[in-house]
Each structure stands twice: as C-alpha cells, then as structure tokens.
Amino acid sequence: MTQRRVVFALLVLAIGASSMGLLAQSKEEKKKKELQDREIQSIVKVVDELTAGQPAANDLSMTWLREDVLKAQGNKEYVPFTVQIDPSKISGGTVAFYWRVVSKTPAAAVAAPEPGKKDDKKKDDKDKAKPAYAYEDISFMPVTAGQTSMKISRSFTVPAGNYDVFLIAKEPAPEKAPKNAPPATVSAIKQTVTVPDFWSSELQTSSVIVAQRIDPLPAPLTPQQQADRPYALGTMEILPTFETKSTKQAELSPFLLIYNPKVTAANKPAASVEYTFSVKPARPPAKLCKKTTPRTRHPAPAPTTHHRA
C-alpha cells in the first residue's frame with residue numbers, strides 16, 4: 001500500500017507540475033498576444049496617417065526592391081515582393097512588418113434605396129465604418145545582431161488592377177518603456193504596383209525572375225511557411241537575385257511561366273520560347289549580344305496561394 005501511495009503521490013505531483021507549466025505558457029502566450037495587438041494598433045495608426053498623405057519617417061531606410069506577378073487561382077494574381085531595411089537601428093531582436101494593399105480604382109457606389117422602401121441590405125454602423133482593403137497582413141520577424149542589411153519578402157493576392165501598397169517596418173515598443181525614452185524606430189513607404197490580368201485569352205508570361213538558384217522541395221509548404229517564403233511555388237523554390245548588373249562570364253538563370261498558349265490536336269502547347277540578351281548602354285538603343293535557340297515549353301499550373309486578407 002505504501003508503494004502505491006508513493007506512486008500516486010508522484011503521479012499527482014507530475015500532473016500538477018505539468019498543469020503549472022501549461023498555465024505559465026498560456027499566460028506568456030496571452031501576454032505576447034496583448035503586446036502584439038497593441039503594436040498592431042500603433043502600426044495601423046502610422047499607415048492611416050501615411051494613407052492620408054501625411055509625411056512619414058523612414059528611420060530604417062526601407063526601400064522597395066522588386067515585385068513579381070504570377071497567375072494565382074480564382075481570377076486573381078499572386079504578387080511576391082521584397083523590401084530592404086537597415087536593422088542595425090533596431091535595438092531589440094524583433095521587427096514588425098505590416099503591408100496594406102489599396103486599389104486605386106474607386107469602389108462602385110451603392111445605389112440608395114427608393115424613398116419609403118426598407119433597405120434590407122443595410123448593415124450596422126460598425127460594418128459600414130470598416131474600411132475595405134484589397135489585402136493586408138502583418139509579420140513579426142527576428143533580427144540578428146550585427147546585421148546592416150535585411151531583405152523581407154512577402155506577398156499578396158489580388159485581382160488585376162492598379163494598387164497602392166503601404167508598408168510599415170517598426171521596432172516593437174517595450175512592455176514598459178522607460179521615462180524620456182526615444183520613440184521607437186519606424187519606416188513607412190508607399191509603392192504603386194500595376195497587376196496585369198493573366199485570366200484573359202491572350203498569350204502572356206509572368207514576370208521574368210532572374211534566379212540565384214531554384215531548389216526542389218520534398219512537398220508544398222504549409223501556409224505559414226509559404227507566408228515566410230513567397231517564392232516557393234509548389235515543389236520548387238526560387239531564390240531571386242537582386243543584382244541588376246552581371247559580367248560577361250556570369251550565368252543567368254531566368255524563370256518565367258507562360259499563360260494561355262494555344263494547344264495542338266495532341267493537347268500540347270504551341271508556344272516557342274526564345275531568349276534575347278542585350279547590353280543596355282547609357283543611351284539607347286540597346287545592343288544585341290546573344291540569342292538562344294527557340295524551344296517549346298509546357299504550361300505550368302498556377303501556384304497555390306493562401307489569402308489572409
């Protein structure tokens with residue numbers, strides 16, 4: 001009996017310790033979420049001011065490097081993009097990155113109901129006041145000490161059209177900021193992006209992406225992994241290069257997808273691809289330096305995207 005009581009006591013102790021650990025973890029997660037929610041409110045205020053045309057700080061020297069456009073699903077296009085910041089000005093180990101995509105085409109006005117007729121489609125004031133964005137999202141990313149340059153790649157999925165992309169990179173405020181502490185470093189910029197329509201019947205191509213390399217993946221990524229690595233397409237991942245100059249001895253690895261090609265009776269694409277390379281001098285015209293042999297390509301499926309707007 002004594003042995004059983006000891007075993008029971010140890011079991012109760014183990015369960016109690018586990019419960020306390022889970023409770024502490026739950027409190028820590030709740031605290032972390034509260035801090036992130038507070039940070040999101042602060043960031044939304046900054047981007048609202050930027051949207052309204054107010055001048056914004058760029059403490060982290062954020063610059064837009066590039067965007068690419070590929071055909072997505074559901075009559076939409078997939079737009080991975082990359083910005084660059086200077087993380088040496090961040091004292092902590094985390095940076096918050098927020099992006100909001102706003103259509104430059106005004107939404108169609110809703111017709112007013114006829115006099116005396118009840119408006120069944122009228123929503124409450126809260127829903128009416130809520131702004132509609134084409135896309136918005138936020139990420140909290142670790143910053144490595146000693147970095148002087150940090151590239152951030154993310155994505156959005158939208159229909160074809162013209163958009164303003166508002167981007168905020170901000171150092172999260174501490175839980176308890178000391179008195180007379182300087183304001184947190186923040187960068188806010190706006191970039192206009194034109195998204196073509198790949199869902200027409202015209203022969204088109206995606207953006208031409210010059211890759212450092214293309215790595216095979218054993219399986220498609222999870223939604224969270226895809227958010228962090230937007231240049232992963234199915235079972236391959238493109239690592240784009242951001243260098244705009246190359247030597248004559250350098251190897252170029254261009255990647256593109258062909259959309260809407262005509263097909264033969266054997267259901268094969270009747271599209272021929274030929275690369276032409278030219279030297280871009282200080283003054284036009286460009287000088288042709290090389291041309292490849294035309295090659296037939298097969299169309300690739302649209303990338304699976306995870307819309308989180």
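In this report, Ala, Val, Leu, Ile, Met, Phe, Trp, Tyr, Cys and Pro count as nonpolar, Asp, Glu, Lys and Arg as charged, and the others, Gly among them, as polar. With that in hand, the lining of the largest pocket has 13 nonpolar, eight polar and nine charged residues.

This is a predicted model, where local features need pLDDT of at least 70 and side-chain atom pairs count only at pLDDT 80 or more, while totals for chains, interfaces and linings use all residues. Residues are numbered from 1 along each chain as its sequence is written, and side-chain values use heavy atoms, with hydrogens and water left out.

**The chain as a whole**

The protein chain has three helices and 18 strands; helices (H or I, at least four residues) and strands (E, at least two) are DSSP runs, numbered from the N terminus. The average pLDDT (the predictor's confidence in each residue, from 0 to 100) is 81, and 77% of the residues score at least 70. Over residues 1–15 the pLDDT is below 50, and this stretch has zero contacts in the model beyond near neighbours in sequence. Contact here means heavy atoms within 4.5 Å. Among contacts in the protein chain with a separation of 6 or more, 74% come from residues 24 or more positions apart. Of the 309 residues, 29% count as buried, a word that means under 20% relative accessible area, with exposed over 50% and partly exposed in between (1.4 Å probe, protein chains only).

**A sheet of four strands**

Let us turn to a sheet. Its four strands follow the order β11-β12-β10-β13, in an open sheet with antiparallel pairing. β11 (232–233) and β13 (254–255) stand at the edges with a single partner strand each, so one side of each is left without a neighbour in the sheet. Two strands pair if DSSP finds at least two bridges between them. β10 (residues 209–216) is joined to β13 by two bridges, and to β12 (residues 236–240) by five.

| Residue | Opposite residue and its strand |
|---|---|
| Val210 | Pro254 in β13 |
| Arg213 | Leu239 in β12 |
| Phe277 | Lys290 in β17 |

**The largest pocket**

A pocket is an open set of points on a 1 Å grid over the protein atoms alone, where a 1.4 Å probe fits, with protein on both sides within 12 Å along at least five of seven lines; lining residues have an atom within 4 Å of a point. The largest pocket holds about 1100 Å³ of space. Its lining counts 30 residues, and Val210, Ser246, Leu252, Phe277 and Ser278 lie nearest the centre. β10, β16 (276–279) and β17 (287–291) are the elements that give two or more residues to this lining, and β16 gives the most, with four. Four bridges join β16 to β17, and the two run antiparallel. The number of buried residues among the five of β17 is zero, so β17 lies largely in the open.

**Two residues to look at**

Ser155 lies in strand β6 (residues 150–158) and is buried, with a relative accessible area of 11%. Leaving aside neighbours within four places in sequence, Ser155 is in contact with Tyr78, Val79, Pro80, Phe81, Trp99, Tyr135 and Pro230.

Thr144 lies in the loop between β5 (135–142) and β6, and counts as exposed at 53% relative accessibility. Thr144 and Pro87 are 57 residues apart in sequence, and 8.2 Å apart in space, C-alpha to C-alpha.

Conventions
Grid points are joined across faces, edges and corners, and a volume is the space filled by probe spheres set on the points.
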